[in-house]
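Here's a quick briefing to read with the model open beside you. Take a moment to look it over, then work through the points by topic.

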Amino acid sequence: MTTQSLTAPSHASVPADQPTGGFRRELPVQIQIIPAEGIAARVQAHVPAGTALTVSCLPREGVGASIRTAIELAYLGFEVVPHLAARSIESRAQLAGVVRNCHDAGIAEVFAVGGDAGEPAGPYDSSLRLLEDLAELSGGRIRAGVAGYPEGHPSQTELHMLDALLEKQHLASRVVTQLCFSAPRIQWYAETLRREGVRLPVWAGVSGAFPRAQLIRAALKIGVGPSLKLLNRRGPLGRRLLKGGLYSPTTILTQLEDGGVVEGAHVFTFNNLADAS
């Protein structure tokens with residue numbers, strides 16, 4: 001599977017509550033990039049211009065690295081969504097600067113998360129407060145995705161996370177899930193959110209093509225849930241997920257397309273762009 005086959009323009013998506021009429025639909029895809037030296041050149045070499053990208057916000061690097069990388073990629077012709085970690089933002093003034101920079105670069109959406117920092121660097125201890133100020137500072141011109149956890153959050157209950165989504169969905173544009181290797185679990189989660197009153201479209205967090213051992217090491221670093229065990233399974237399921245020791249997202253993407261309950265796929269590459277292309 002190539003980057004070209006994984007990607008599709010955002011306008012091709014179908015609203016989460018719209019029936020698909022019994023036919024398979026190709027999910028739009030966005031590819032996650034991690035800020036690193038030379039990453040823009042690598043993206044340009046391996047990823048088609050116009051591809052939708054997201055740019056991670058690393059705790060040790062802060063929001064600055066995410067925004068700088070996002071702006072560089074935006075000027076190269078990519079559709080970019082930078083991640084904003086609330087607990088890493090030092091002040092409302094810094095957030096205002098981020099809004100200005102995004103506006104100048106033509107960036108119309110961000111991805112707002114609480115972040116992994118132990119103590120907030122400024123006034124934002126959660127993504128809700130960040131979303132409120134973002135809406136005010138941007139005049140509603142910048143959309144914001146929020147995180148979802150089909151396999152649970154390490155420090156919060158499922159009920160707490162559901163209440164949090166209900167509280168902030170009027171400020172958000174979509175839910176993007178944690179990395180998950182189980183299409184049925186993602187579909188169950190999307191259906192649960194809809195049943196409980198969350199109307200935001202759900203994008204599934206899935207992995208791109210990756211050698212199994214490397215993928216497991218990378219996934220463990222970001223706290224993937226029980227579905228990671230699927231990569232160690234024997235039998236037909238394991239063979240569908242792994243071919244020659246290489247994980248392929250084909251099976252899970254096909255299942256999600258057939259399920260018709262998610263809006264798109266958010267592909268984690270861990271900067272393994274050569275294999276993604």
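Which residues of helix α3 are buried? They are Gly 62, Val 63, Ala 65, Ser 66, Ile 67, Thr 69, Ala 70, Ile 71, Leu 73 and Ala 74, where buried means under 20% relative accessible area, exposed means over 50%, and partly exposed is in between (1.4 Å probe, protein chains only). Keep in mind that this is a predicted model, where local features need pLDDT of at least 70, side-chain atom pairs count only at pLDDT 80 or more, and totals for chains, interfaces and linings use all residues. Residues are numbered from 1 along each chain as its sequence is written, and side-chain values use heavy atoms, with hydrogens and water left out.

**The whole protein**

- The protein has eleven helices and eleven strands; these are DSSP runs (helices are H or I with at least four residues, strands are E with at least two), numbered from the N terminus.
- Of its 277 residues, 54% count as buried.
- Take the contacts between residues at least 6 apart in sequence: 79% of them join residues at least 24 apart. Contact here means heavy atoms within 4.5 Å.

- Helix α3 (residues 62-75) is mostly covered, with ten of its 14 residues buried.
- The cover over those buried residues includes α2 (39-46), β2 (52-55), β3 (79-85) and α4.
- Two packed helices are described by the angle between their axes and the distance between the axes.
- For α3 and α4 (residues 92-105), the angle is about 10° and the axes are 10 Å apart. Axes are lines fitted to C-alpha atoms, for helices over the stretch in contact, and angles run from 0 to 180 degrees between N-to-C directions.
- That makes α3 and α4 roughly parallel to each other: angles under 35 degrees count as roughly parallel, over 145 as roughly antiparallel, 65 to 115 as roughly perpendicular and the rest as oblique.
- On the α3 side, Val 63, Ile 67, Ile 71, Ala 74 and Tyr 75 meet Val 98, Asn 101, Cys 102, Asp 104 and Ala 105 of α4.
- By class, that contact has eight nonpolar residues, one polar and one charged. Ala, Val, Leu, Ile, Met, Phe, Trp, Tyr, Cys and Pro count as nonpolar, Asp, Glu, Lys and Arg as charged, and the others, Gly among them, as polar.
- After α3 comes Gly 77, with a positive phi near 100°.

**Where α4 meets α5**

- The axes of α4 and α5 come within 10 Å and cross at roughly 55°, so the two helices are oblique to each other.

- In α6 (residues 158-168), the buried residues are Met 161, Leu 162, Ala 164, Leu 165 and Lys 168.
- Why are they on the same side of α6? They cover an arc of only 160° around the axis, with the arc taken from the directions from the helix axis to the C-beta atoms.
- They pack against α5 (127-138), β5 (143-148), β6 (174-179) and α7 (183-195).
- α6 and α7 pack at about 55°, with axes 12 Å apart, so they are oblique to each other.
- Glu 158, Leu 162 and Leu 165 of α6 meet Arg 185, Trp 188, Tyr 189 and Leu 193 of α7.
- That contact has five nonpolar, no polar and two charged residues.

- Tyr 189 lies in α7 and counts as buried, at 9% relative accessibility.
- Setting aside neighbours within four places in sequence, Tyr 189 is in contact with Gly 148, Tyr 149, Pro 150, Leu 165, Val 175 and Thr 177.
- The C-alpha atoms of Tyr 189 and Tyr 149 are separated by 8.1 Å, though these residues are 40 apart along the chain.
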